[in-house]
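Thank you all for coming.

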Amino acid sequence: MININGKIYLDYGSIPSSIIKYLYHNPVFEFHLRWENHKIFFWESHYFKMMSQLRMLRLNIPMNYTLDFFSNEINKLINNKSKSFIIHLKFLNETKPNYKNYELELILLITVEEVPSFRISDLNVINKISFFKDYNFTNQKLGSVSYLQHDIKRIAAIDAYENNYDDNLILNNQKDIIGSISGNILLLNKTKIITPPTNIGAESNVLIDKFVEFIEKINEYKFSYESFGLFELQDSDELCVLSINRGLRPVVNYKKKIFKIKVFKKLFNLFIDQYYL
């Protein structure tokens, strides 16, 4: 089912063509949430992150876009509360902005997709990872908005497929790693864990923020937001990709480097167990 501005449609074929054209011609923003353990995963933090990014993009935010509004609209689509879902929020404009009218009304389209729970014993690993060298991303704060990374990630995904890789690392124009096609990057070197900061182009999202907070509370590992390049991968012990869609995915191999799969798996399972308490 599809929820468009509060009205439910059974499928895309039942949506009026006048609305379908907005979906293809005027998409302006997209945000993903996860339904886990009978609720939206870290919902309040996600809400404020989403509102912040809508403001960064200078979009005209309706006054009714409250926590309760989104919760009610999402609940219309989730029938089995005990399952896990990815919630796709797409924001559209009726027309493209012009010099006479920049404050266009937003159209909200919501769909949900059932997915495996974060609480699974066997993590889905990335067997082979490389890096995308054709295009780099901008090393600035605006680049941290996930929606703006879409085009480069789409091309990088095709490149990975053509070269038989499971994922591709994305670089900024200073050749620093800012993430991968499928999410944020975390690197472990002995007892130090690092991830790229958002001010160099790394994707800003709530899941990695909360995971970092959890790691810092343990006091077993030293954490830092740092930029790093491809050379540092050769000296690291573990590498993983983290995303709201697929959770934690340890990387097995980069070129001739074989990574361990131990610490990040343990930490993420502890982190998720804490959320279920």
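What follows goes through the pockets, the cavity and a surface patch, in that order.

Please keep in mind that this is a predicted model, in which local features need pLDDT of at least 70 and side-chain atom pairs count only at pLDDT 80 or more, while totals for chains, interfaces and linings use all residues. Residues are numbered from 1 along each chain as its sequence is written, and side-chain values use heavy atoms, with hydrogens and water left out.

Rolling a probe the size of a water molecule over the atoms shows where empty space is left. On a 1 Å grid over the protein atoms alone, a pocket is an open set of points with protein on both sides within 12 Å along at least five of seven lines, a cavity is a set where a 1.4 Å probe fits but cannot get out, and lining residues have an atom within 4 Å of a point.

The largest pocket has a volume of about 720 Å³, a volume being the space filled by probe spheres set on the points, which are joined across faces, edges and corners. Its lining is made of 30 residues, and those nearest the centre are His32, Lys153, Ile181, Glu203 and Asn245. Helix 4 gives the largest share of this lining, five residues, where helices (H or I, at least four residues) and strands (E, at least two) are DSSP runs numbered from the N terminus.

The second largest pocket holds about 220 Å³ of space, and of the 15 residues that line this pocket, Pro116, Ile120, Asn245, Arg246 and Gly247 are the closest to its centre. Here strand 14 (residues 247–254) supplies the largest share of the lining, with three residues.

There is one cavity of 30 Å³ or more, and the space in the largest cavity comes to about 40 Å³. Lys153 and Glu203 are among the residues that line the largest cavity, and strand 9 (residues 177–180) gives the most to that lining, with three residues.

Finally, on the surface, Met1, Ile8 and Leu10 form a nonpolar patch with about 300 Å² of accessible area together. Leu10 sits in the loop between strand 2 (7–9) and helix 1 (17–25), and Leu10 is exposed, at a relative accessible area of 68%, where exposed means over 50%, buried under 20% and partly exposed in between (1.4 Å probe, protein chains only).

How values were computed
Patches are made of residues with over 30% relative accessible area and no salt bridge: like charges are joined within 9 Å, nonpolar side chains (Val, Leu, Ile, Met, Phe, Trp, Tyr) within 5 Å. Accessible areas come from the Shrake-Rupley method with a 1.4 Å probe; for residues, only the protein chains shown count as cover. A salt bridge is a side-chain nitrogen of Lys or Arg within 4 Å of a carboxyl oxygen of Asp or Glu.
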